[in-house]
Amino acid sequence: MNTPHREKRANYFSDEIGEEEFHHSFVTLLAQVQKKVVSRYLNPENTHRFKHGGQWAHPAAPDVLPGDMKALSAQTEVSFDKLVNHDLTVIDKVLRQLSESMERQFTQMMYSTVSAAAESVGNTVDAKTAGSPHEAIAQMLEKVEFSSDKFGNVTPPTIHAGPETVQAMLKSAADAPPEFRQRIEANKARKTAEAVEREVQRKARFVRYGVAE
Amino acid sequence: MRVLLAIGCDSYDHAGLLHGAERDARRIYDSLIRAEVGEYDTNRSRLLLSPTYSDVREALREALFTEPQPKTFTFFFAGHGSVSAGAFYMWLRDSNQKGLSMSALSLADMFRSINEATPLQSNIVIDACESGGLIQDLGALLKPGLLGNVGSPGLTLLATAAQDQGAAESPAGGVGTVALLDCIDGNDFVQDHKGMLDLVEIGMRVSQRLRASGQNPVVWGLNLFGPSGFCKNPRYGTDPATPLRHALQAWPTGSNDVIRQNYDALWAAYSAIGGVWNPKKFAAVVRAVLSPSTAPEVLAILADRLAVTFAQRAFQARDPFRSAEVAATLAVALLSSIEHPSVAHTAQRLLDHTCLALIDATSALIKDLEGDKYALLSDRGGVLSELHELPLRLTRVLGWAAAATFMCSGDKQRTQAEAQFAKVVSLVLEHYGGALTSLSDAQASGLCIALSTCARLGLRDEGEMLLGLLFNSLIQCEGRIARDDVPRGKALEYLIARRENDFSNSMDLVARPIDLLTVLLKAASLFELEAIFDESLWKIDGVAFSAYLSTNYMNYGVSLMEGGENLVWRIGFDVFKTAEFGVSWPAAKTVPQSPLVAALALAASLLYPDRQAWFLFE
């Protein structure tokens with residue numbers, strides 16, 4: 001008996017099925033981590049899962065801009081030495097690197113998408129032109145619409161900003177004259193009422209909504 | 001009825017002239033038609049020289065469908081061959097590149113005819129340009145459904161020359177045909193333990209020989225029905241003038257039922273051996289076919305046939321140890337019937353094959369490790385899975401390399417196996433010390449053999465180091481190693497729990513009791529490390545460890561052993577020092593009945609790591 005000539009490198013006692021199952025469990029774990037990350041930015045109820053690739057559009061709502069898929073990818077490296085030294089910290093490192101990279105890309109994509117949508121309809125505020133951070137907040141609140149769920153619960157908008165910007169906004173708001181707070185509260189009340197009214201009008205478009213026979 | 005159709009095509013209307021194809025076909029025909037060689041029916045068998053397409057179709061129709069239909073059909077073709085649109089064609093006198101499907105003999109069509117005629121065995125030999133392109137045709141055929149299920153024909157195919165290679169010719173004829181004739185005539189050695197030769201085993205020999213001249217032949221098939229009667233074996237010690245039918249009559253017909261019942265599973269196993277290998281599934285199929293309820297004579301013959309067929313596939317696997325695992329699985333399946341002389345004889349031969357395969361595989365491993373210290377890392381996709389697989393792989397490598405030193409029956413081979421084991425231990429310790437860690441109870445069997453072999457061969461430093469690394473890592477994880485049967489889909493969960501030293505949500509993955517600690521404590525006395533181990537035993541206070549002592553080592557091949565004793569100890573309850581464990585170990589009630597049983601039990605422990613070869617410590 002002789003060892004046959006092998007065109008490919010030998011794979012000693014490689015459990016191909018087992019390795020596949022292991023890899024699948026790793027991808028599942030990574031997906032769980034990624035889901036947690038995404039849920040910090042998006043309500044899971046607003047997350048859609050499409051079965052196929054391509055653009056998505058709302059043909060019955062022509063005002064809504066069409067969107068398209070963007071692929072996110074991340075890669076990491078593990079040295080052979082880490083494996084032959086059975087360094088289990090590699091698992092944490094790989095998970096952290098991949099999830100951080102995916103989060104970074106996801107947030108970039110989300111903010112650039114929101115930014116592009118806002119700019120396309122002129123729904124933007126320039127803090128410098130506004131004169132102060134608190135004035136910018138007030139203008140922002142003017143331009144944004146509140147939304148109500150079908151039970152009439154209104155959710156105020158969320159501000160996403162870096163720590164320094166947030167500090168500057170808070171300080172500016174704290175230092176602002178009392179009229180600023182009154183203006184904000186008045187705006188919130190008006191926006192809330194408008195949101196509730198919009199929801200009422202939306203429901204009115206149904207033939208019947210929540211009324212028993 | 002045995003029918004031979006031999007075709008040699010030198011002359012072509014639309015292709016270049018060949019000079020040796022007709023001569024090759026004539027030589028094969030003349031050789032196989034003889035009663036003392038192939039004993040094919042002289043009235044029904046045909047030799048066609050540079051025939052047309054319609055000549056061949058007519059000859060095939062007569063050969064396969066005229067009553068009585070053949071039980072064995074052998075087809076030989078020498079001539080131009082080509083691959084077109086994913087199909088392989090054998091060129092005939094009037095074949096034309098334009099319209100090959102209408103003017104050349106397609107292999108797929110021939111398979112369909114064979115499937116319809118259902119001879120018990122079909123042998124196809126092709127010595128042609130680009131005959132390696134057959135693989136494209138055959139890939140789709142690796143499904144039993146395409147050949148029919150119950151009553152499917154056994155089919156073996158040998159094709160010489162690879163795609164884009166011309167079948168080389170020597171003055172004596174095509175090198176493939178010459179190699180084949182040398183096996184038929186006994187000029188080349190195939191085997192000498194059976195009265196008949198199978199085309200698979202001839203094909204393996206031809207493959208070995210032709211690879212040296214740059215050809216890459218194809219040997220393919222699952223031909224398990226009836227006797228392996230391609231031709232008589234001239235190297236077997238019987239009267240060379242005895243007709244083949246005498247040997248064929250010795251074939252036990254009961255075996256066909258066993259094969260038929262497991263045909264689909266055998267096909268699946270056959271497909272998997274060269275690629276995605278599932279040793280558990282293979283073992284299950286082998287156990288089903290080689291059931292102890294089968295008559296011992298049939299068992300021995302079946303094991304032989306399976307070995308020939310599967311060894312050829314295993315030879316093509318990327319894992320050099322695959323051949324050893326396959327042969328050992330077959331040998332171990334015979335363990336419970338080993339008292340029958342014919343079964344013992346076959347098991348010993350399979351064990352010899354295992355030993356040779358282990359020596360080859362270990363030799364390849366040493367060479368690979370000397371060239372690349374990472375040669376033991378898998379190159380498949382999932383890198384992180386190596387954190388789980390590598391420690392297990394290392395103990396398997398050490399276990400199998402050590403096992404060869406027990407299995408080899410000849411002094412020369414044993415000496416070689418011992419030198420190889422010493423080298424492998426040294427290389428593994430040098431390059432993989434960090435991964436020699438106690439991770440799973442599945443490592444117990446490999447370590448049991450490796451550590452006892454280190455002690456037996458006087459590899460004291462290596463044994464101590466190996467034992468020390470495994471024991472220390474067991475202490476570090478507080479004895480919480482994984483179960484031997486942890487699903488790979490849960491292995492990452494175990495590794496994370498181990499990394500965080502928090503098993504609260506993964507307790508079901510932890511083995512309790514463990515065999516690995518038993519092995520390590522037994523080995524401690526071999527290397528006089530008891531006092532050192534005793535210093536650390538408090539760190540695994542409460543850990544339970546075990547040993548299953550079978551009533552009979554002939555049971556070691558069955559999936560679930562019954563009637564033995566599950567011995568259990570617990571650190572801090574009945575064992576506080578290594579010596580207390582040693583004293584409590586019961587005197588051996590059973591030992592392997594013979595060196596053959598011992599070697600098979602040892603192989604069984606490597607194949608099914610839920611049992612250990614405790615007798616190695618006696």
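This is a predicted model: local features need pLDDT of at least 70, side-chain atom pairs count only at pLDDT 80 or more; totals for chains, interfaces and linings use all residues.
Local features need pLDDT of at least 70 and side-chain atom pairs count only at pLDDT 80 or more, while totals for chains, interfaces and linings use all residues. Residues are numbered from 1 along each chain as its sequence is written, and chains are lettered from A and ligands numbered from 1 in the order in which they are written.

**View 1. Chain B as a whole.**
Chain B holds 23 helices and 15 strands. These are DSSP runs numbered from the N terminus: H or I over at least four residues for helices, E over at least two for strands. Of its 618 residues, 53% count as buried, that is, with 20 or more other C-beta atoms, placed from the backbone, within 10 Å of their own. Among contacts in chain B with a separation of 6 or more, 75% join residues 24 or more positions apart. Two residues are in contact if their C-beta atoms, placed from the backbone, lie within 7 Å.

**View 2. The contact between chains A and B.**
Chain B brings 51 residues to this contact, and chain A brings 35. On the chain B side, the elements giving two or more residues are α7 (199-212), α14 (341-371), α15 (386-407), α16 (411-432) and α19 (488-500). The largest share, nine residues, comes from α15(B). By type, the chain B side has 25 nonpolar, twelve polar and 14 charged residues. Here Ala, Val, Leu, Ile, Met, Phe, Trp, Tyr, Cys and Pro are nonpolar, Asp, Glu, Lys and Arg charged, and the others, Gly among them, polar.

**View 3. Domains 2 and 3 of chain B.**
Chain B divides into domain 1 (2-250), domain 2 (252-340) and domain 3 (376-617); the bounds come from an automatic or database domain assignment. The C-alpha centres of domains 2 and 3 of chain B lie 27 Å apart. Each of these two domains gives 13 residues to their contact. On the domain 2 side, α11 (279-289) and α13 (322-333) of chain B each supply at least two residues. α13(B) gives the most, with six. That side comprises ten nonpolar, two polar and one charged residue.

**View 4. A three-stranded sheet in chain B.**
The sheet is open and antiparallel, in the order β4-β5-β6 (chain B). Strands pair if DSSP finds at least two bridges between them. β4 (81-84) and β6 (105-106) of chain B are the edge strands; each has a single partner strand, so one side of each lacks a neighbour in the sheet. Four bridges join β4(B) to β5 (residues 87-90) of chain B. B:S84 has B:A87, in β5(B), as its bridge partner.

Note on methods:
A residue is buried if 20 or more other C-beta atoms lie within 10 Å of its own, exposed if 12 or fewer, and partly exposed in between; C-beta atoms are placed from the backbone.
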